[in-house]
Amino acid sequence: MENTIPFNKFHQTGKELLYISQSLEMSSISGNGFFSKKCQRFFQEKYAFNHNLLTTSCTDALEMTGILADIKEGDEVIIPSFTFVSTANAFALRGAKIVFADSKQTHPCIDETLLEELITERTKAIIIVHYAGVSCNMQSIISICKKYNILLIEDAAQAIDSYYLNNGKKIPLGSIGDMSTFSFHETKNISSGEGGLLVINNNSFKERSYIIWEKGTNRHAFFKGEVDKYGWVDIGSSFLPSEILAAFLYAQLESLDQIQKRRLEIWHYYFEELKKWAENKNIELPFIPDYSTNNAHMFYLVCETKNQREDIIGNLKKAGVNAVFHYQSLHSSSFFKTQHDGRQLICADKFSDNLLRLPLYVDVNENRVIDEILKL
Ligand SMILES: *Cc1c(COP(=O)(O)O)cnc(C)c1O
């Protein structure tokens, strides 16, 4: 039998070990050194993320936003139910009351038309997720946040190199909210195994972000010569990745354009080849609204029923192709269901039951994936 096609396989650009060995030759391999600064500059130049900090994961970057937003017990945050646990954990850890919102009918992103009715006097932040790298409907989300004076945090874990389109202008996802976070986990487009990025767009969070990043100390100000000794000034933790990881990440960033080109090629091939097949089976293909670009983070199918999804995953598995599903809606998770207020979140549950993801990575054999699907 032919080799099985895994769901994901990380891509090596070829420069990772070279840069890691360069980092080992330098005098220090802890965080915020030569390669961390190269990565930081890359994000500044390519996406105008003027203040960005590398973190050990997107989960950590999200936890930093929870601290920076000064979330306290009794504060409410609005979060889509159909997302990864880290989006919610960052705020649950701070004692926030989590109010889960439904997805759109056409797309797993948060339904912006339902947000206003979820807002109370205690609502402190709305956390949005650009699912599959597809932008949420930013214009109306921004105006709601302005109207009620609520912080906007973008979980852009999946959204590297994707844009919100506003009257022909391309605005990088991650540059819109007060703060945003990215992931470089091995399943994302660009990876350092584990890794993440915090982007600060609201300058009032800038100074404190360094402190929280460096264990609650004013070490950053010390190294800039602003104070003559450093010490404990706030809460914080260890959120910096080592230079070894930053070196790995920089190799990936240098190849970002090639990686994106290849991922988009696979994505469009899947889309074209599956159009007719999906229509015959009442399966939905991914929807990209006209206000968003596509960064080919993910190719998913929305089946008509959970049974249909199970059949497809099972039959593909027999044919050696590993497709997966994900995200049990968080409002019905075993941790949260007793805390949920009972609202039905029909679209989140639909994606939770019916969505499946196809293998999509630089070295995937896309012809074989399609051949096996068309046989179903
Ligand atoms: C991957 C992902 C995360 C977590 O990223 P890590 O870097 O693994 O911590 C958070 N939110 C979303 C939407 C993700 O897809």
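The largest cavity has a volume of about 100 Å³; a cavity is a set of points on a 1 Å grid over the protein atoms alone where a 1.4 Å probe fits but cannot get out. Its volume is the space filled by probe spheres set on the points, which are joined across faces, edges and corners.

This is a predicted model, in which local features need pLDDT of at least 70, side-chain atom pairs count only at pLDDT 80 or more, and totals for chains, interfaces and linings use all residues. Residues are numbered from 1 along each chain as its sequence is written, and side-chain values use heavy atoms, with hydrogens and water left out.

Select K9, F10, H11, K188 and N189: of the 14 residues lining the largest cavity, these are closest to its centre. Lining residues have an atom within 4 Å of a point.

Next, select F7, N8, T187, R263, H297, M298, F299, R357, L358 and L360, which line the second largest cavity. That cavity has a volume of about 70 Å³.

Now go to the ligand. Show T59, D155, Q158, S183 and K188, which come nearest among the 15 residues around the ligand (near means that a heavy atom lies within 4 Å).

- The side chain of D155 has an N or O atom 2.8 Å from a nitrogen atom of the ligand.
- A backbone N or O atom of C58 is 2.9 Å from a ligand oxygen atom.
- K188 places a polar side-chain atom 3.2 Å from an oxygen atom of the ligand.

Terms used: Polar contact = N/O pair within 3.5 Å; in protein donor to acceptor, adjacent residues only side chain to side chain. 1 Å grid on protein atoms, 1.4 Å probe; cavity = no way out; pocket = protein on both sides within 12 Å on 5 of 7 lines; lining within 4 Å.
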